[in-house]
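Me: I would like to learn how to read a protein model. Please take it one feature at a time.

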Amino acid sequence: MLNLSNELKGMKSVAISGHIRPDGDCVGSTMATYLYIKKNMPEIDVHIYLEDIPDVFNCIKDVDKIEKADGVDRIFDCFVCCDSVKERIGAAEHIYDNAQKTINIDHHITNPGASDINYIVAEASSASELVFNTLNFENIDEDIAKALYIGIIHDTGVFQYSNVSPSTLVAASKLISFGFDFPTIIAETFYQKTYVQTKVCGEVLENSRLFLDGKVSFGAVTPQMAEKYNTVSKDYDGIVNGLRNITGVDVAIFMYLLDDGSCKVSMRTNNDNVDVSAVSHTFGGGGHKRAAGVTMEGTMEEVLEKLLSEIKKQY
């Protein structure tokens, strides 16, 4: 098993990043890594590079230290990539490429393990659980624990998804022993939604459709809806789970347009009848058996037709 402190011995500079459009696990795993290095290895000049994070994660210490990677011209001793492959870290990719050493901590089954040091466990609940495994527990504090806990609850749906294992619950129990207000964290970062998020979700569900004899649900934020509510992508968090919770549905597909006109797709399943990571991988995406995503060219209807065709092959 990877021990982060051992891997960073003698290092003078470390960069950290995760995937584009960072979610709870991405933010939690990268920020915990940042906070751990800052606390326990003060001799290291550590920097964290991410795209804009959802406001709900402002409760994590030092999120104001997150930087933009654009234009950064520096060679770091080490680059730690969490919850992603390097091809999905956006503007930070050139920093990764220039680093003297690269470490990848991830739980996506589609990750080929192309870094110098790879700690990739597809069965793990989250990158945050894996980061927890790499840290010396006696050197964790409440702020680090809270960041890791947030990452774990977001990628497990507060411990309801099939990626939860006994080791996940053991990690969570150790983390809450630090005494932070975990019920409030769950409520405010996972369940609570803004009024705009609630309105958009309601309209998506109202206009949702069923396919393949009710086994597949589909919902989308249209350009008209996005303009009507003046939304950004973070306003769409959790909508796919609303589609997944429809009785009789095996697979939920949620879609919206990116600025370049391509379709951002999120898929979730309720069982093992369909492997959505295989579906997304067909079109250049990735993820897990029950949760995956992909960006595809074409109209929403064209993209939906392609996805349904691949899903149908699995029945």
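Reply: Start with the elements: helices (H or I, at least four residues) and strands (E, at least two) are DSSP runs, numbered from the N terminus. The protein chain here has 12 helices and 11 strands. This is a predicted model, in which local features need pLDDT of at least 70, side-chain atom pairs count only at pLDDT 80 or more, and totals for chains, interfaces and linings use all residues. Residues are numbered from 1 along each chain as its sequence is written, and side-chain values use heavy atoms, with hydrogens and water left out.

Me: How many of the 315 residues count as buried?

Reply: Buried means under 20% relative accessible area (1.4 Å probe, protein chains only). In the protein chain, 52% of the 315 residues fall in that class.

Me: Which contacts join residues 24 or more positions apart?

Reply: A contact means heavy atoms within 4.5 Å. Among contacts in the protein chain with a separation of 6 or more, 63% are between residues 24 or more positions apart.

Me: How do helix α5 and helix α6 cross?

Reply: Axes are lines fitted to C-alpha atoms, for helices over the stretch in contact, and angles run from 0 to 180 degrees between N-to-C directions. The axes of α5 (residues 142-156) and α6 (residues 166-176) come within 9 Å and cross at roughly 145°. On the α5 side, Ala-145, Leu-148, Tyr-149, Ile-152 and Thr-156 make the contact; α6 supplies Thr-168, Ala-171, Ala-172, Leu-175 and Ile-176.

Me: What overall span does the C-alpha trace have?

Reply: Along its principal axes, the C-alpha trace of the protein chain spans about 60 × 40 × 40 Å.

Note on methods. Buried means under 20% relative accessible area, exposed over 50%, partly exposed in between (1.4 Å probe, protein chains only).
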